[in-house]
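Here is the note I promised on this model, written as numbered points so that you can follow each one with the structure open beside you. Please read slowly and find each residue as it comes up.

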Amino acid sequence: MIEAVGLTKRYGVKTAVDNLTFQVRPGAVTGFLGPNGSGKSTTMRMILGLDAPTSGQVTVGGRRFRDLPNAPRQVGALLDAKAVHGGRSARQHLLCLAQLSGIPARRVDEVLGVVGLQEVAHRRSKGFSLGMGQRLGIAGALLGDPQVLLFDEPVNGLDPEGIHWVRNLMRKLAGEGRTVFVSSHLMSEMALTADHLIVIGRGQLLADMSVKDFIARNSAGYARVRTPETSEKLVRALSEAGAHVQPEQDGALRVSGLALPHISDLAFDLGVRLHELSPHQASLEEAYMRMTQAAVDYRSTQDQRFGLQQAGPVPAQAQYGGYPPPHAAPQHQWQPAPGPNPYQTAPPPQGFGAPPAGPVGVSPAGPHPGAMAPPVAAPPTAVPPAVPPPPQDAPPAPAAAPSLSKRESES
Ligand SMILES: Nc1ncnc2c1ncn2[C@@H]1O[C@H](COP(=O)(O)OP(=O)(O)OP(=O)(O)O)[C@@H](O)[C@H]1O
């Protein structure tokens, strides 16, 4: 079992992990969910003794990782699939890991088979695709046949077959009584893979419950009700009848806790005309996004393409929607969008369904003071048929999954 008590990590003024207390039990897959930068990798690094907590503690089987006898045989982890010497073959990489942990070489061939890399075992890993790299990382985690396994975004870059394979592998490992702790951004994936969920936002615990409970609390049905008249008296009557009524962004009402015929009868008795009365089911992904939306650090802004949409004759390149050369589009011309953003990761509907269970100190909504807008892909309608290479000074891609270099930079 993994147990965190008051686990906290600060990097200067940044609190990456904030007083987390949770348990990860054996015989189950525990999903670890949270938006980008919420502290998942930092938590995992502290479990593995790669980062020291600022306060609090985390133990594996009752001991700190550093105090575990023969730790690599007890705990296996995939943290960053790219943290591999690219010049080595997959087999050489695993042999090195095995030797460091006193694991017999024949185990290397076993795990290469388990992850399906036997055919490419002698190829240099720098030529591996993202998915192959993930498989190699998973092989490394399985090497010591450990009882406790940590996977940071294991399905990242995998194709549907690979995702299915990882899902089955996690379930099999948990079925053998192991402790399986797996981080993800995807609620939909975790709903299929995990038994239990730990959700964090800005380093704080937002939910710690079984997937079953999460589904029961968050996927309850509701009705959308729309009236062309003022909805005040209808809202009052619905609330008095025991319904939970929340306004939707488009002016409709989201009504939970009351059957559709009952809503219809109430409206009829009040003489309120309805233009819509429809049944809906909240998706888990929506419930998760709603739970974490106040804790999203990185929000995109709308691409205004300021200065690129010209009324008169346009340069040849722009005619087919391509980017003009850098001199024609200096970076300062891009402005953040005012008002609501249709491409925002977490849409901000108000008052959806049941409130998230056990929110712990949710930060106020709105971007983090240090929030930044990573470059985003244009919406499908704006994708040019042929996109020339981006200008040399194009903004960098959004930060990749946390890597060991963070740890190195700290030390
Ligand atoms: N070594 C470090 N030095 C300074 N800040 C750090 C360091 N490691 C992490 N952070 C910061 O701590 C916060 C949590 O980062 P972390 O990588 O744990 O989040 P995450 O939930 O794993 O994110 P993602 O889902 O994007 O991988 C981020 O704001 C990150 O920038």
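**Notes on the fold**

1. In β4, Val 5 has Gln 57 as its bridge partner. That bridge belongs to the antiparallel pairing of strand β1 (residues 2-11) with β4, which runs over 5 bridges. Two strands are said to pair if DSSP finds at least two bridges between them, while helices (H or I, at least four residues) and strands (E, at least two) are DSSP runs, numbered from the N terminus.

2. Before going further, please keep in mind that this is a predicted model, in which local features need pLDDT of at least 70 and side-chain atom pairs count only at pLDDT 80 or more, whereas totals for chains, interfaces and linings use all residues. Residues are numbered from 1 along each chain as its sequence is written.

3. The strands β1 and β4 belong to an open sheet of 3 strands with antiparallel pairing, in the order β2-β1-β4. Its edge strands are β2 (14-24) and β4 (55-60), each of which pairs on one side only. Neighbouring strands of this sheet are turned by 20 degrees against each other on average, direction ignored. Helix α1 (residues 40-47) lies across β1, β2 and β4 and runs at about 120 degrees to β1. For such angles, axes are lines fitted to C-alpha atoms, for helices over the stretch in contact, and the angles run from 0 to 180 degrees between N-to-C directions; two residues are in contact if their C-beta atoms, placed from the backbone, lie within 7 Å.

4. Turning to the whole protein chain, there are 13 helices and 13 strands, and of its 411 residues 33% count as buried. A residue is buried if 20 or more other C-beta atoms lie within 10 Å of its own, exposed if 12 or fewer, and partly exposed in between, with C-beta atoms placed from the backbone.

5. Which residues touch the most other members of the largest nonpolar core? They are Leu 94, Ala 139 and Leu 197, in a core of 69 residues, and helix α5 (residues 130-142) gives the largest share of this core, 6 residues. Apart from it lies another core of 12 residues, including Val 255 and Leu 266. A nonpolar core here is a set of buried Ala, Val, Leu, Ile, Met, Phe, Trp, Tyr and Cys residues joined through C-beta atoms within 7 Å.

6. In the hairpin of β11 and β12, with 5 residues between the strands, Gly 251 takes a positive phi near 95 degrees.

7. Most residues other than glycine have a negative phi. Is Glu 153 buried or exposed? Glu 153 counts as buried because 22 other C-beta atoms lie within 10 Å, whereas Asp 145, with 14 C-beta neighbours inside 10 Å, counts as partly exposed.
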